[in-house]
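Here's a quick tour for anyone meeting this structure for the first time. Have a look at the picture, and then we'll go through a few spots together.

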Amino acid sequence: MSFIQLPRSVVSCRNLVGGSWQVPPGAVQLDVRSPYTGTVIGKVPLTPASGVAQVVEAAKVASASWRDTPLRERTQYLYRFRQLLERDLDSLAQLAASEAGKTVAEARAGLLKGMEVCDFALSLQNLDTGAHLEVSRGVSCEYRREPLGVVAGITPFNFPAMVPMWMFPIAVTLGNAFILKPSEKVPLTACALGELMCEAGYPAGVFSVVHGNREAVDALVAHPDVQAVGFVGSSAVARHLYAEGCKRGKRVLALGSAKNHLIVVPDADPELTPQAVVDSFTGCAGQRCMAASVLLAVGNVESLLQEVIRRAAKLEVGPGMGALIDRGSLDRLETAISRAEAEGARVVLDGRGRKPQGEPWSGGNWLGPTLLDGVRPEMEAARRELFGPVLSIVRVPTLSAALAVENASPYGNAASIFTTNGGVAQTVVEGVRAGMVGVNVGVPVPREPFSFGGTGDSRFGHGDITGPSSLDFWTQVKKVTRKWSARTDGSWMS
């Protein structure tokens, strides 16, 4: 049985610098291991600060002419890139799955979501046309959207294609030169995206890839020619990067951790609800910021919970649910489950020890769906982001109590309500402070052009990473007021 195609040979990743692929001098090489087998599938260089400076310099040179390229011409490059994504969709999905631990279907869905952001960026030539108004006799005002110059995106392991494509299609179409620093755990997909950007014909240096760890990240944030930084990862790192970037006068939008709540009430649809819950906490092996982490069971919803357990127990790890990114994540999650037991929670479905059959998968990082019941709001399992296929059930007597638990979390990423009552749904929509809310939707990711972003400790910075508000993040709006002659027939402004 095979449900993933690993690369046939070890892939040696390089930086994309000024349109050419280069190994940074003096870089240590790190092994890239597939979560499915634990085998080495790639090598990635850990770029030192000097190598980062080289990438930034090449991007700065490219940005000077790219900013002067008309918006309509910039979109033609993106159109070709999108066509290439569609051409290579299957091979890209296999590659992303092999290094991130996703199923191929999940990796494919991530690419399709990234293509949706490309579609939004392609529409800018018709939608984002500026504004011009005669504000008084003989006086007009307009605004012009201008690129910032060199900008960067620092992205996580869990969506090696989708999260970068939340950023660079919009940023480059608006006239910036973009530097991608992918997670060193998933560099292969970033290189593949870079190859397609080159094939699409983008001028050298408009899109760059720099590999590395914290040293590379810190060098990007500190470099005086990097004007804006987008980040997706943990809240601890997001808070740090936001502070460091702002201290240097940069724009930073850093999306962090989450503790998403699904509120289930007795009148919830008995067919839709259990499957949505299971899909939410097991999809991508729970390694996504939109995954359900806590189920707030309001009143008597026992039959719904039993159906959740039944369906989750049938899910087959491997073909039905992917692997965890590395051994450290597996150890951390197994420790968290044991700690929850020690604090009084009951493991009503235990995924520890589950793995696919067959020798190729014995070295993989496997954890089956796990449900913890009797979790109290003050427990670690109810408060801390676990980032795995573990769902904590917190029982509450009323909807008000459920809202209190949700809103007590420092995070504000996503929340969902499962009900057939419109009044109950509206109470939750208005009452939660999460930035993304679902009604009978387990993973309430907005579709473009509706933007993606949370609140609280799930976001540091202003605006959202996609959609219309992202335009102001990647550009500067210049305001122009014109008058050509003196007037005697106008207002005070004339």
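Where in the chain is Ala 285 placed? Before we get to that, keep in mind that this is a predicted model. Ala 285 sits in the loop that runs between helix H10 (272-282) and strand E14 (292-298). Its phi is positive, at about 55 degrees, even though Ala 285 isn't a glycine. Most residues other than glycine have a negative phi. Ala 285 is also buried, with a relative accessible area of 1%.

Phe 387 is another one to look up: phi is positive there too, at about 60 degrees, and Phe 387 isn't a glycine either. You'll find Phe 387 in the loop between helix H13 (380-383) and strand E17 (390-396). Is Phe 387 buried or exposed? Phe 387 counts as buried because its relative accessibility is 19%, and the cut-off for buried is under 20%.

## A cis peptide bond

Now head along to Glu 448 and Pro 449, which are joined by a cis peptide bond with an omega of about 15 degrees. Most peptide bonds are trans. Pro 449 belongs to the loop between strand E20 (436-439) and strand E21 (455-456).

## The second largest pocket

What's the volume of the second largest pocket? It comes to about 400 Å³. The pocket is lined by 18 residues, and the ones closest to its centre are Leu 71, Arg 74, Arg 144, Arg 145 and Glu 146. Helix H2 (71-87) and strand E7 (139-147) are the elements that give two or more residues to this lining.

Strand E7 supplies the largest share, with six residues. As for the kinds of residue, the lining of the second largest pocket has eight charged, six nonpolar and four polar.

Take Cys 191: the nearest cysteine sulfur belongs to Cys 13 and is 3.9 Å away, and Cys 191 is in no disulfide. Cys 191 is buried, with a relative accessible area of 10%. Cys 284 is in no disulfide either, and the nearest cysteine sulfur, that of Cys 289, is 10 Å away. With a relative accessibility of 7%, Cys 284 counts as buried.

How values were computed
Residues numbered from 1 in each chain as written. Predicted model: local features only at pLDDT ≥ 70, side-chain atom pairs only at ≥ 80, totals over all residues. Heavy atoms only, no water. Helix = DSSP H or I, 4+ residues; strand = E, 2+ residues; numbered from the N terminus. Buried < 20%, exposed > 50% of the residue type's maximum accessible area, 1.4 Å probe, protein only. 1 Å grid on protein atoms, 1.4 Å probe; cavity = no way out; pocket = protein on both sides within 12 Å on 5 of 7 lines; lining within 4 Å. Points joined across faces, edges and corners; volume = space filled by probe spheres on them. Nonpolar A, V, L, I, M, F, W, Y, C, P; charged D, E, K, R; others polar. Disulfide = S-S within 2.5 Å.
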